[in-house]
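My notes follow in the order I looked things up.

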Amino acid sequence: MSTLQFDPNQLGYNADVIVIGAGVSGLVATWRLVREGVDVILLEAKDRVGGRISSGTFNGETYDLGARWIRSTATQTHQLAHELGIQFVPQYHTGESVIQLGKAQKRFKQRDPLFAPHLSLSYHSIIRKLNRLANELQQRNAKSVARIPILDAISFGAWLQQHCGNRTLRMLFTILTHVHFTAEPNEISFMYVLDQVQAFRGAQHVFALRPAHNQERIPGGMQRLVERLAQQLRTQIATDTPVLAIRQDEESVSAYSRGSSFRARYAIVATAPSIAAQIYHEPAMPAQRDALNQRVIMGRAITAILCYDYPFWRENKLSGFMLSHDGPASMVHDVSPTTSSEGALACLIVGDNASHWGAQPRGERLKALVSQLATWFGEETMAYRGMIERDWNSERWSRGTIGFMPPGSANFIHVMSTPVGRLHWAGSETANDWIGSIEGAVEAGERSAAEVISQLSNAGYLRRN
Ligand SMILES: Cc1cc2nc3c(=O)[nH]c(=O)nc-3n(C[C@H](O)[C@H](O)[C@H](O)COP(=O)(O)OP(=O)(O)OC[C@H]3O[C@@H](n4cnc5c(N)ncnc54)[C@H](O)[C@@H]3O)c2cc1C
């Protein structure tokens, strides 16, 4: 691309701030700025708001194909939902659940699955080890990695191989890695796993044996949250407007889309770093930031919802919750609508399984999922009425699920939220806590808006309403 030229006729600013990306993080940043009297333009590449929060419909019912769970401890998201008048309902988990680890199948009810005592002890010993290492890291403020390169030199899979002699237990940690990171243990830096342990207040939350426990969802889909947020904004949201290039100088920052350009005093990029890496910058990004953007890898997952006349598994005293090492789905859970008698099971196909099954025809994927479910839920599984699905790695402007860092990348993580000139960073991957989740996205949106408000205020540009 040749040097970007300013339009010399364009004298003024289109806004004080340009926000790029209308996922929950960009929407929250915009809302916060607008409330402070800041003029904002929100530019979104897709034809809808919400990003990785997205719903699909079947037979008039709405189902989450992206994020769906909020932890009861997610205070900022609860506060946001409260302000928007949105209620949560607890994830259904009454009845027996199942965990499949190769030939071993365990049922469990309300409490953690009862493994053989030695397995249970080893699980808790690994959790304690992870917590201890994460605490040590925190005390040493080791995000600047240089002091502990060894932890970043190996993958979580390699660490498990060294510290977990039991194959069944390694299978268990593989599924729990699928559920939390939507990636394979061998892909993720062990150092990054420890960062997540800090960010989620303990390994027992990252590798929870009952991931559905203490989770809530929004009846009618999580998309209601972002749509309601967008309605409140009373600012310009331009959808179908991918930002292809950004130019900044001492006075302004400009964003260029197809056939249109926007100029403001500051900009917030509210996308996952690897998606932000697709934007051309002038001047070029600092080497550290560019290296970081190149290293954040997006997790791989397909969400498939199987829809039924009614939640037949509940009659058999099953919760609909299943964790499986065999696949295709690593996790299945009940997402039946609360407003009708229909039943639905959400299946999450992750990592290598997502790559494999994403390349198969839809009919083959459906057949494989139904056959997996039938082993636990019985013949009635065959009587599905339909399936809706989303392959997140094929989704343009998302290209995956949740960003994670591969081995050898921790030297770059400390610039995750460091502004570059007039450019600030939001998006769930840039959060301090609850990284990669909706709560992290909300936190990053708030933080980036506060940074820009402070800049505008210091420069005397902030006009209070
Ligand atoms: C299948 C799945 C399940 C998940 N489950 C959960 C869950 O249960 N609970 C939970 O807390 N989290 C979950 N997550 C993670 C959660 O969805 C994300 O952390 C959160 O939604 C990210 O929000 P964000 O605003 O940071 O980014 P995004 O939602 O990715 O928003 C970024 C926006 O920027 C836009 N964009 C990208 N490039 C450009 C460009 N060049 N110009 C303009 N716009 C651009 C994108 O189109 C997108 O709309 C899940 C994610 C997936 C995919």
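**Helix ends and lengths**

I started just past α15, where G460 has a positive phi of about 75°. The model is predicted, so I took local features only at pLDDT of at least 70 and side-chain atom pairs only at pLDDT 80 or more, while totals for chains, interfaces and linings use all residues. I number residues from 1 along each chain as its sequence is written. Helices (H or I, at least four residues) and strands (E, at least two) are DSSP runs, numbered from the N terminus.

I checked the length of α15 next. Its 21 residues should span 30 Å at 1.5 Å a residue, and the end C-alpha atoms are 30 Å apart, which agrees. The expected span is 1.5 Å times one less than the number of residues.

I did likewise for α14 (residues 362-377). Its 16 residues should span 22 Å at 1.5 Å a residue; the end C-alpha atoms lie 22 Å apart, which agrees. Just after α14, G378 also takes a positive phi, of about 90°.

Which residues of α14 are buried? I found R365, A368, L369, Q372, L373 and F377. I call a residue buried if 20 or more other C-beta atoms lie within 10 Å of its own, exposed if 12 or fewer, and partly exposed in between, with C-beta atoms placed from the backbone. An α-helix has 3.6 residues a turn, so residues three or four places apart point the same way.

On the other side of α14, I noted G363, E364, K367 and S371 as exposed. I then asked what the buried residues of α14 pack against. The partners are β17, α12 (312-315), β18, β19, β20 (343-350) and α13. Contact here means C-beta atoms, placed from the backbone, within 7 Å.

**Domains**

I looked up the domain assignment. It gives domain 1 (8-51 + 222-297 + 403-458), domain 2 (55-70 + 90-95 + 214-218 + 300-394) and domain 3 (115-206). Such bounds come from an automatic or database assignment.

The C-alpha centres of domain 2 and domain 3 are 28 Å apart. Their contact takes ten residues from domain 2 and eight residues from domain 3. On the domain 2 side, β18 (318-324), β19 (329-334) and α13 (351-358) each supply at least two residues. That side divides into four nonpolar, four polar and two charged residues. I count Ala, Val, Leu, Ile, Met, Phe, Trp, Tyr, Cys and Pro as nonpolar, Asp, Glu, Lys and Arg as charged, and the others, Gly among them, as polar.

**Ligand shell**

How many residues surround the ligand? I found 39, and the closest are G21, G23, G51, A67 and S437. A residue belongs here if its C-beta atom, placed from the backbone, lies within 6 Å of the molecule. α1 (24-35), β17 (301-308) and α15 (438-458) each give at least two residues to the shell. By class, the shell has 20 nonpolar, 14 polar and five charged residues. Domain 1 and domain 2 both contribute to the shell, so the ligand lies between them.

**A22**

I stopped at A22, in the loop between β1 (17-20) and α1. A22 is buried, with 28 other C-beta atoms within 10 Å. Leaving out residues up to four places away in sequence, A22 touches L27, L42, E44, V49, G51, A230 and I237. A22 and L43 are 21 residues apart in sequence, yet 6.9 Å apart in space, C-alpha to C-alpha.

Most residues other than glycine have a negative phi, and most peptide bonds are trans. I listed some exceptions.

- E282 and P283 are joined by a cis peptide bond, omega about -5°; P283 sits in the loop between β15 (280-282) and α11 (287-295).
- G327 to P328 is cis, with omega near 5°; P328 is in the loop between β18 and β19.
- D240 has a positive phi near 55° and lies in the loop between β10 (236-238) and β11 (245-248). D240 is exposed, with 12 other C-beta atoms within 10 Å.
- K317 has a positive phi of about 60° and lies in the loop between α12 and β18. K317 is exposed, with 10 other C-beta atoms within 10 Å.

Terms used: Two residues are in contact if their C-beta atoms, placed from the backbone, lie within 7 Å.
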